[in-house]
Amino acid sequence: MISASLCWGGLSHDPHELEYVWQRDLLPHVLAEPGKIIAHGAGRSYGDVALNPGGRLLMTERLDQFISFDAISGILECESGVLLGTIQRLMIVRGWMLPVSPGTQWVTVGGAIANDVHGKNHDDAGSFGHHVLSLRLVRTDGQLLNLVDPDAPLFRATLGGLGLTGMIQSARLKLMRVPGAWMEQEIQPFHHVDDYFQLAHQHDPQWPYTVAWLDCTRYPPRGLFMRGKHSPLADQIPKEKHRRMPWSPPFSLVNRLSLHLFNPLYYHTNRLKASPRLVHYQPFLYPLDHIQNWNRMYGRKGFYQYQCLVPPHSEREAVKALLQTIVRSGRGSFLAVLKTFGQRTSPGMLSFARPGTTLALDFPNESMQTERLFQRLDRIIQEAGGCIYMAKDARMPVALFRTGYPDWERFLDYRDPGLSSALSRRLLGC
Ligand SMILES: Cc1cc2nc3c(=O)[nH]c(=O)nc-3n(C[C@H](O)[C@H](O)[C@H](O)COP(=O)(O)OP(=O)(O)OC[C@H]3O[C@@H](n4cnc5c(N)ncnc54)[C@H](O)[C@@H]3O)c2cc1C
């Protein structure tokens, strides 16, 4: 039994029994053993989606083999524990890349499918699930299913299915052609939420990647709108200089004082980098990976990420109301990110990404004070017809889950009854 924190937010230290698999053929035997189990990839989900306190976790990190790659079509088949960063590194030199990648490369293929993750280019590329061609799924009754029809209900339940429809053994992914490892980046400062929406809705297909950082210690917030595109130009490969947060302090280093120092500094430093420049894909796609274990700066009580999405008809008013509520509470966030998604509806029954705008913010865990703020934010989301991202969640109320994910009852028909997580017990009752 291991009781170290197995989620990125560091919110739970409950003991777990860890089971490692080295060979994909062994999965049916491991799953057949008694006791509820759930897959655990790289543990980059913030909350309890990959936790099973008191029960078994199937650790997939050693299922890390590439099975085949066709350099003409860009179709890659690999085991589910392969890291997205490994795919990027090995494929980019062959002129291919993952079409969708989240804000960290330390995520497994299985985890990216089970949360149907999104990147900064949703308008262009949709979510990760749009690029999954087929899946091999092992159920706890011993069946090994080869899912090849992306429109079939079990396929759609498995994309964004939170690991609850079976263990993904391997997947075939369609990669995207790229001219190289470099990207052109532009930054535009803005001073109001309306300015953000104006920039976000001027979608220019030449610039498929867009994201904004916000200083949410003040209202109206100032921010930096960043856009990027792949570039055929090349520069020197930057030396991989990763910094590391060596330990968890007893208290959070993120507090009102540090936020009021950091946010203006970040804004002004990056504002000066506004003119177009060439950046390597790693700092562009994965800026947070620069500091390993940065999550430790929130101290031993950990932190929450609150990531919500509001639909197009209510996005402006809802985002304003959310930011005003956060500023009034005095609990800003280092990391406040706004992204506007395109029209492509995600394929999964429980997928998060859909048309609208998503806001993501990190908050130190200050127990009831944090929860009271979240309850106010939940009300805004509920009224706006929005939802909360389960990859980040550790506390959403059941009512908000049900309205935010209206296909949840249909999903239950495809669930594997032998699989269970802390999140499934919290939101689905078992
Ligand atoms: C710094 C940072 C930035 C991020 N940015 C983004 C972002 O921009 N966009 C976004 O969408 N997400 C983002 N995320 C969240 C992250 O992409 C997701 O939580 C992702 O699912 C984590 O994958 P993992 O391999 O760590 O899986 P885990 O967190 O270990 O597990 C996630 C889910 O996948 C299931 N699972 C894992 N492997 C398998 C398998 N083989 N078969 C079946 N189910 C499986 C687990 O049961 C669980 O339900 C970010 C996270 C971090 C830490």
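Predicted model: local features only at pLDDT ≥ 70, side-chain atom pairs only at ≥ 80, totals over all residues.
Residues are numbered from 1 along each chain as its sequence is written, and side-chain values use heavy atoms, with hydrogens and water left out.

I start with the rings. A pair of aromatic rings is described by the distance of the centres and the angle of the planes. Rings of Phe, Tyr and Trp, the last by its six-membered ring, pair if their centres lie within 6.5 Å; planes under 30 degrees apart count as stacked, over 60 as edge-to-face and the rest as tilted. Searching the whole structure gives 17 aromatic pairs. One of them is Trp-294 with Phe-303: the centres are 5.8 Å apart and the planes stand at 50 degrees, so this pair is tilted. Are these two buried or exposed? Buried means under 20% relative accessible area, exposed over 50%, partly exposed in between, using a 1.4 Å probe and protein chains only. Trp-294 has 9% and is buried; Phe-303, at 0%, is buried too.

The next pair is Phe-352 with Tyr-389. This one is stacked, with 4.4 Å from centre to centre and 15 degrees between the planes. The two residues are 37 apart and link distant parts of the chain. Phe-352 sits in the loop between β18 (336-341) and β19 (356-364), and Tyr-389 in the loop between β20 (387-388) and α11 (398-404). Those labels come from DSSP runs numbered from the N terminus: helices are H or I with at least four residues, strands are E with at least two. Phe-352 is buried at 1%, and Tyr-389 is buried at 4%.

Back to Trp-294 and Phe-303: they belong to one aromatic cluster with Trp-8, Tyr-46 and Tyr-298.

Now the charges. A charge sits over a ring if NZ of Lys or CZ of Arg is within 6 Å of the ring centre and within 35 degrees of the ring normal. Arg-222 has its charged end over the ring of Tyr-267, 4.7 Å from the centre. Lys-229 lies over the face of Trp-207, 4.3 Å from the ring centre.

Last, the sheet. Two strands pair if DSSP finds at least two bridges between them. Three strands make an open sheet in the order β1-β3-β2, with parallel pairing. β1 (17-20) and β2 (37-40) are the edge strands, each pairing on one side only. Four bridges join β1 to β3 (residues 56-59) in the parallel sense. Glu-19 has Leu-58 in β3 as its bridge partner.
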